[in-house]
Amino acid sequence: MEKGKTYRIAVLPGDGTGPEVVREALKALDAVSAVSGFKTERVQYDLGGDRYIRTGELLPRSVLEELRGFDSMLLGAIGHPDVQPGILEKGLLLELRFNLEQYINLRPVILYPGVDTPLKDKKPEDINFVVVRENTEGIYAGAGGFLRRGTSQEIAIQDSVNTRFGAERCLRFAFEFCRRRGYRNKLTLCGKTNVLTYAFDMWERAFREIAAEYPDITTDYAHVDAICMWMVKNPEWFDVIVTDNMFGDIITDLGAMIQGGMGIAAGGNINPKGVSMFEPIGGSAPKYTGLNVINPLAAIAAIQMMLDHLGETEAAQRVENAIKKVVSRDVKNLSAGKMGHSTTEVGDLVAKYIAE
Ligand code: IPM
Ligand code: MN
């Protein structure tokens with residue numbers, strides 16, 4: 001990117017520990033902006049559980065329209081103990097993803113040197129892959145409903161919506177991403193063709209057809225249950241995994257655990273042609289709210305992904321190097337309350353290493 005560029009960033013701290021980790025992420029952003037020659041202009045939005053309880057508003061139309069005008073978005077976390085499950089998740093987070101056409105959820109699973117993995121004998125060179133999750137369709141689309149709710153003859157239907165268009169744009173992104181990543185040039189489709197014989201039949205046909213356009217990429221297929229097994233047994237087999245919304249949700253929590261936990265796992269909701277939103281994937285962790293013990297590294301890793309997406313490759317590299325330094329020198333246990341440092345201190349260390 002050209003020097004001296006100013007990026008407009010929408011900041012959504014959200015619920016629970018969201019605001020605490022966002023504060024440290026912005027500290028890292030300021031530190032890297034000071035040495036990299038770009039500027040940021042930030043607008044904060046108080047979307048989340050507290051606003052919903054106060055006003056009944058989830059995502060006002062006007063806010064949604066404003067968000068389209070930003071270069072990028074940073075989200076802390078969504079989820080409030082006093083709000084019934086599903087309201088904020090569907091009414092806010094999924095609304096943002098769907099309406100802003102952030103049709104890819106990109107989730108790197110990378111084990112940094114010095115970070116503990118629960119996988120015995122696995123090293124950083126064994127755990128280094130990225131999950132490309134479809135982010136706007138599948139069971140998440142919300143198709144279905146109840147019949148005779150609350151009676152003994154109740155029927156609950158929750159359909160999976162899979163369009164050729166949706167699968168294809170996700171698959172194409174995954175092939176391009178795999179090529180650009182230039183690591184093992186291997187793309188694995190994760191599905192369930194032995195049971196979900198309509199949805200994944202279509203996904204697999206599209207996968208095979210598009211693969212013909214990418215002779216440099218080796219393709220592979222695995223059922224989702226088997227992927228869970230291989231991610232634990234042989235994570236070194238993976239480079240890029242592409243999958244639907246629900247399977248992607250599930251396997252990326254498993255991925256987060258093998259890379260050291262929610263303390264370090266970040267993701268990006270990508271609209272390749274519009275505004276993208278970056279977030280730590282760990283949730284709002286309400287029981288740690290206000291204690292200054294939550295790990296901000298995942299939110300800082302979200303900043304790294306944001307910078308990479310904006311084309312600020314060097315700045316992204318700087319943030320990644322600082323994270324690597326912190327986990328190899330200062331923070332051995334990445335879990336909330338066990339870091340041996342406060343949230344603020346970890347953020348300060350990252351900012352210091354970025355400036356070095
Ligand atoms: C995630 C989260 C969300 C999801 C929830 C909060 C709706 O688990 O980003 O993975 O299921 O996508
Ligand atoms: Mn999830």
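Some ground rules before I go on. This is a predicted model, in which local features need pLDDT of at least 70 and side-chain atom pairs count only at pLDDT 80 or more, while totals for chains, interfaces and linings use all residues. Residues are numbered from 1 along each chain as its sequence is written, chains are lettered from A and ligands numbered from 1 in the order in which they are written, and side-chain values use heavy atoms, with hydrogens and water left out.

Back to R148. R148 sits in the loop between β6 (144–147) and β7 (155–158). Helices here are DSSP runs of H or I with at least four residues, strands are runs of E with at least two, and both are numbered from the N terminus. The phi of R148 is positive, near 50°, and R148 is not a glycine.

E101 is another such case. Its phi is positive, about 50°, and E101 is not a glycine either. E101 lies in the loop between α4 (87–99) and β4 (104–110). E101 is partly exposed, at 40% relative accessible area.

Now the helices, starting with α9, residues 297–310. How far apart are the end C-alpha atoms of α9? They are 20 Å apart, which agrees with the 20 Å that its 14 residues should span at 1.5 Å a residue. The expected span is 1.5 Å times one less than the number of residues. Of the 14 residues of α9, 12 are buried, so the helix is largely enclosed by the rest of the structure. Among them are L297, A298, I300, I303, Q304 and L310. Just after α9, G311 takes a positive phi of about 90°.

Stay in α9 for M305. M305 is buried, at 12% relative accessible area. Setting aside residues up to four places away in sequence, M305 touches L106, P108, A266, G267, G268 and F278. Contact means heavy atoms within 4.5 Å. M305 and A156 are 149 residues apart in sequence, and their C-alpha atoms are 38 Å apart in space.

Next, α5. This helix has 18 residues. From its first C-alpha to its last it reaches 25 Å, close to the 26 Å expected at 1.5 Å a residue. Its buried residues include G166, C170, L171, F173, F177 and C178. Just after α5, G182 takes a positive phi of about 55°.

What does α5 pack with? Helix α5 (residues 164–181) packs with helix α6 (residues 199–211) at an angle of about 45°, with the axes 10 Å apart. That makes α5 oblique to α6. Axes are lines fitted to C-alpha atoms, for helices over the stretch in contact, and angles run from 0 to 180 degrees between N-to-C directions. Under 35 degrees counts as roughly parallel, over 145 as roughly antiparallel, 65 to 115 as roughly perpendicular, and the rest as oblique. The α5 and α6 crossing is right-handed. A crossing is right-handed if the near helix is turned clockwise from the far one by less than a right angle, and left-handed if anticlockwise. On the α5 side, the residues that meet α6 include R164, L171 and F175. On the α6 side, they include W203, F207 and I210.

A second pair is α1 and α10. Helix α1 (residues 18–36) and helix α10 (residues 313–330) pack at about 130°, with axes 10 Å apart. That makes α1 oblique to α10. This crossing is right-handed. V32, V35 and S36 of α1 make the contact with A315, R318 and V319 of α10.

N245 is found in helix α8 (residues 245–258). At 1% relative accessibility, N245 counts as buried. The side chain of N245 makes a polar contact with the side chain of R133, at 2.8 Å. A polar contact is a pair of N or O atoms within 3.5 Å; within protein, one must be able to donate a hydrogen and the other to accept it, and residues adjacent in sequence count only if both atoms are side-chain atoms.

T343 lies in helix α11 (residues 343–355). T343 is buried, at 0%. Its side chain reaches the backbone oxygen of I294 at 2.7 Å.

Key
Buried < 20%, exposed > 50% of the residue type's maximum accessible area, 1.4 Å probe, protein only.
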